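My notes follow the order in which I looked things up.

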Amino acid sequence: MKEFIGVPHNINQPIMGIITTKLNNWFVKNSSIFVVKDQNQLSKKFSLGLNRRHLMASVVSDHVQFSPLGGIPCLSDVNGEVCEALNAGDVVLIEPSGNATILYLKNSPHNSLFLTNRCNCLCIMCPQPPTADPENLLGMNLKLISLLGKVKPPHLGITGGEPTLLGDDLIKIIAECGEKIPNTSLTLLTNARKLQNIEFAKALVQAGRCKLVIEVPLFSDNDTEHDSITGAKGSFYETLRGLYSLALLEQPVGLRMVLHALTIERLPQYTEFIYRNLPFVINVAFMGMETTGLAEKNLDLLWADPYEYWHKLNDAVKFLVRRNVPVSIYNHQLCTLPRDLWPFAKRSISTWKETYLPLCSECNEKNNCCGIFVTGVKHSDFLNAL
Amino acid sequence: MNNPYILLPLRFSRFPNSKVLIVNDSGEYLFLNPVNFENLISYRLDHKSELFLNLKGKHIVTDTDITPIIDLLATKYITKKAFLQNFTYLHMVVLTLRCNHRCNYCHASSEAADKHSWDMSQDTAKKVVQMVMETPSSAVKIEFQGGEPLLNFDIIKLIVKEAKKLNRQKNKNLSFVLCTNLTLIDKPILRYLKKEGILVSTSLDGPKEIHDCHRIMRNGESSYDSFIEKLRLSKDILDRNNISPLMTITQNSISHLKEIIDEYVDHGFQGIFLRNLNPYGYARTEANKKVLEYSTNEFIEAYKKILPYIIQINLSGTHFPESFTTILLTRILTPFSTGFVDLQSPTGAGISGVIYNYNGDVYPSDEARMLAKMGDQRFLMGNVNKDSYFTIFESKILREIIESSCVETIPGCHSCAYQIYCGADPIRNYATQKDLIGHRPTNDFCHKNKKIITFLLELIEKDDPDTMDVFWSWITNRSLTEVRGQIS
């Protein structure tokens, strides 16, 4: 998630609120964070009339001369461009240290709740290796959900780490989403190992009230290779059992495959395995690797250039399309794919991670392309303007 | 013995090209060269090799866990046998034995149009409907047969009315099909069919010369001319997709399959079922045999010759599946179940489909009814007028039929590589080999299915992209454009 810093004033505890850009627009009492982008916004009204009853905090651009008002928490000297980019409806967390995080971007289709940093797998290409969780993460997420009730997101991802490690708290989170944002469609990303417990799976599916889609990474047609990729012995069959629990409960499930040197070779066997064993999946996503975290560390072992494996990807997509299994391609730049595959390629990279190369500004397809990961250290050697 | 891996259940067959086909219980298959096959079964295969992983991914071997693989295989096996989850779905009702035709291949044996004693009575019809609606199946299809069922149209109306009335409580997915030669159809009947949502199944053997060759009207007129006129009328009133024809291949027509298919395409029909002659009824009489019969090998050769032609029609832009091929391809290439009454294990006779004769006698299949008509009551399960649903559907005869038709235990089928793709027809075995189980090496039915499955597997192995696109368009019932992912 996008982070920024500023100079904290009167901030004694973490503050989570919804960005507002106009003073007459205090649409959320006690939850608004006012962004001051230029001097003109500092009207009399602001200096006289405001207190904690109206505003939770303010974020002030470094372009603005400002002396903090008594009592109202404020983050000053924030980079002007960052302030410009904040939109009404974004949700921001400001910490006493002056660090701030944008938890929800109103104008992005890629918002997620991060439920935990922990995981029961240690995948060889994990872009975000597991760490310990900060204190009160559950409380923060429940608070975020309640704020989102005012923003009404059309869609929300639920991810980690491995969200099912939360056990009953995951059910609580999903149920809370049902309560506070009943019209929001949810996508839960999980390795499904814990869902082999049919009771847990059932509770999850029920809490999801048909607004939930579950996306599960599966990396091979056999346990030998899958388990060596996830670093967890037995994970392949546990994931399959989890998938079968979900199928039994008629829960819509999609699969995710990350393409790299260890998975490319057996794509034909992988797609056949899916069709034979998991024909109920509603989508299969072939994903380009985000070259950061462990993927960066293991790059020599893992790197495969999309431009060089497009034939294999093409065969895999065609195999599933023939069989009427829906397919998507994530994180692949259009210039690395044959035109036939463009309809399957999605703008999949999260808004806050999506970037383009200088040469992309010449490209006619830029607006249809997912771009590259800002976090990645390596991308295709064959990127070019179309 | 300490083997480096475990072999899971598989069946195999040596192919003419010297490759060995291996198939597991869920229908997943692989061709191996003979050396690899020998290595596999003598536990000499390198379990680090790509081939070993391929076999492992298809659940044919394992060098790690076995329990989860058994679970997966079990789930896949259940999926393949899903047609058994529902009990009898197809209920055929013979409304009359009278017919305005006297086709010489008729396996249903017709009577002259004025002999009303061969009609189903109102009382029997009501009893039939009550019995049909007692089936535990959530979907029910009532198929009106004859003779020519339109000669007893009032009983059609009675059955539709009664069935819909009972269904208000039963709440089944209820559908109706009228099997008619069309020649007696008129506007009021068509409007009735449309109003009640009744589908039409009819007969068209091919162009005029072929059609009129065996489909003979009692009044001496051309059956084809009358059919064409009434087809036009039917298309004016009904949705054209609700009219589908069946054909029977005879000695005269087996060398003219191309013309027959062209005739079907010209009429805009959505596909064809290449059916060979059934060894029942009139077709079994010596005089008719002489003009009708051809050998199973002739049929197989004709099928092999015509399939590429049908594929070509599809490649030229007309979606036109061949139904038997589609059923077999679905079994070979997909994890899904395809019940097909005439080719499943156990057989569909009685448990998937059942037939009620005009007088209320119940038989497991039309073929069983025909044997009775020829004097052998071997398969009579009971009569709706005096027996209960349970007496009929738990009859000893039905149990015997089911027990004799599990290919898993039939000698010869038990070890056949095609077992999961195939099925048994005990009534046919009885008619042709005087035994429910029959004798595989001399069984025509087995011979035909084996040859055709082999032919299809060879085509699949060739993996011609166009052919495979067409096959998948049949299996998934989608256009070629969709199958090829060419979304405009």
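Which residue takes a positive phi in the hairpin of strand 2 of chain B and strand 3 of chain B? I found B:Ser18, in a hairpin with five residues between the strands, and its phi is near 75°.

Before going on I noted the ground rules: this is a predicted model, in which local features need pLDDT of at least 70, side-chain atom pairs count only at pLDDT 80 or more, and totals for chains, interfaces and linings use all residues. Residues are numbered from 1 along each chain as its sequence is written, chains are lettered from A and ligands numbered from 1 in the order in which they are written, and side-chain values use heavy atoms, with hydrogens and water left out.

**Strand 3 of chain B**

I took helices (H or I, at least four residues) and strands (E, at least two) as DSSP runs numbered from the N terminus, and I counted two strands as paired if DSSP finds at least two bridges between them. Strand 2 (residues 10-14) of chain B runs antiparallel to strand 3 of chain B and is joined to it by five bridges, with B:Leu10 having B:Asn24 as its bridge partner. Strand 4 (residues 29-32) of chain B is also antiparallel to strand 3 of chain B, through four bridges, and here B:Val20 is partnered by B:Leu32. The hairpin of strands 3 and 4 of chain B has four residues between them, and B:Gly27 in its turn has a positive phi of about 90°.

I then looked up burial (buried is under 20% relative accessible area, exposed over 50%, partly exposed in between, with a 1.4 Å probe and protein chains only). Five of the five residues of strand 3 (residues 20-24) of chain B are buried, so this strand is largely enclosed by the rest of the structure. In a regular strand the side chains alternate between the two faces of the sheet. Here B:Val20, B:Ile22 and B:Asn24 lie on one side, B:Leu21 and B:Val23 on the other, and all are buried.

**The sheet of chain A**

I traced an open sheet of eight strands in chain A, with the order 1-8-7-3-4-5-6-2 and mixed pairing. Strand 1 (3-5) and strand 2 (7-9) of chain A each have a single partner strand, so one side of each is left without a neighbour in the sheet. Inside the sheet, strand 5 (residues 57-61) and strand 6 (residues 74-78) of chain A run parallel and are joined by three bridges, and A:Val59 stands opposite A:Leu75.

**Cores**

I searched for nonpolar cores, meaning sets of buried Ala, Val, Leu, Ile, Met, Phe, Trp, Tyr and Cys residues joined through side-chain atoms within 4.5 Å. The largest has 222 residues, and A:Phe286 and B:Leu456 have the most contacts inside it. A second, separate core of 18 residues includes A:Phe4, A:Val78, A:Cys83 and A:Leu86.

**Backbone exceptions**

Most residues other than glycine have a negative phi, and most peptide bonds are trans. I noted a cis bond between B:Gly146 and B:Gly147, with omega about 10°, and another from B:Ser345 to B:Pro346, with omega near -5°. A:Lys152 has a positive phi near 55° and lies in the loop between helix 3 and strand 10 (155-159) of chain A; at 61% relative accessibility it counts as exposed. B:Asp463 has a positive phi of about 60°, and at 45% relative accessibility it counts as partly exposed.
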